[in-house]
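Keep the model open beside you as you read.

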Amino acid sequence: MTAGRGRRDAGGIGILARTFPGSDPDTVLGAVSASGISSTQFNLSCAGLLTVPDVIGPHVSVTLRDSSQHHSVSIDALSGTCNMASSDATQRDESVRRLVRLAEFCRDTGIPVLTLSTGTRHPHDLWCGHPDNQSAAAHADLRHALRGLLRDTEHCGVTLAFEPEPANVIRTATEAATLLDDLRSPRLAVLFDAANLVQRLPVDRQRDVIEDACNTLAGRIALAHAKDIDAAGRVVAPGQGTIDFAHYVHTLRTVGRYHGPIIMHGLTPSDVPAALAHLRQSGG
């Protein structure tokens, strides 16, 4: 059994593996399973490595596959968060090189999706915006990096899913659709997170924005996240903020045509039981 083909949670709900402490897959996936969840987005920090490491020993893939099978936890994605739009060309090239190795790791381990950030021009903080993020140069650099990554990972067959983020180069569903149209690769798709798209919007506008985004990206969503935000736009556990998850889940499934797991994050281990119950009640 490959890591990406374990038992799915009956409600299609997963969780970021990094929610739970630990630096070895058996400990972390054991905690995922013990929480009643059987789908996860893994991060190699949960195997004692950097999220996007320079070198991944062959034993890591074996250990992760064995732990996935032992705990009946399906690994549906791997985090590959790094700065794809740095103003430093050497850094961008290094990011692509490491991501190719991650894609090969996904292939060897049976993980179908590698998640990406579209990056920022901020020199130190990947989650901090910068005025140059919307420059033609930033968009050109991102596209060049993605074209290289798509070319160099063709042999892996892994889907690359980028996440629109307010502080990154690609911020909205419309910008994401434009990027997909420009690059025209069947292996490039979107990681959809409603909280990223409705930050600081009035609650009465959130539904319309989520519906419009799902319609814009329909059929091109490879993974979905579930985090919540409070009225000030701060991340909170699902069910503790303003997002209507019953509407979100329904819209993802019907309008967005997404039928994979919905991955919870932005929560602590103690938040998991209530968040899981809330998402299940919301149709997740």
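Predicted model: local features only at pLDDT ≥ 70, side-chain atom pairs only at ≥ 80, totals over all residues.

Residues are numbered from 1 along each chain as its sequence is written, and side-chain values use heavy atoms, with hydrogens and water left out.

The protein holds nine helices and 10 strands; helices (H or I, at least four residues) and strands (E, at least two) are DSSP runs, numbered from the N terminus. Its C-alpha trace spans about 50 × 45 × 30 Å along the principal axes. For 284 residues, a compact globule would have a radius of gyration near 19 Å, and the 18 Å of the protein agrees with that. This radius is taken over C-alpha atoms, and the globule rule is 2.2 Å times the number of residues to the power 0.38.

Now look for the barrel. Eight strands close into it in the order β1-β2-β3-β4-β5-β6-β7-β10, with parallel pairing (two strands pair if DSSP finds at least two bridges between them). Neighbouring strands of this sheet are turned by 30° against each other on average, direction ignored. As one example, β2 (residues 39–42) and β3 (residues 74–79) pair in the parallel sense over four bridges, and Gln41 has Ala77 in β3 as its bridge partner. Helix α5 (residues 173–183) packs on the sheet, touching β5 (159–163) and β6 (188–193), and its direction makes about 170° with that of β6. Here contact means heavy atoms within 4.5 Å, while axes are lines fitted to C-alpha atoms, for helices over the stretch in contact, with angles from 0 to 180 degrees between N-to-C directions.

Next come the helix pairs. The axes of α1 (residues 25–34) and α2 (residues 58–71) come within 9 Å and cross at roughly 25°, which means that α1 is roughly parallel to α2 (angles under 35 degrees count as such). In α1, Pro25, Asp26, Leu29, Gly30 and Ser33 meet residues of α2 including Leu64 and His71.

Further along, the axes of α3 (residues 89–109) and α4 (residues 136–152) come within 10 Å and cross at roughly 30°, so α3 is also roughly parallel to its partner α4. Arg92, Val96, Leu99 and Val100 of α3 make this contact with Asp141, Ala145, Gly148, Leu149 and Asp152 of α4.

Notes:
Parallel < 35°, antiparallel > 145°, perpendicular 65-115°, else oblique.
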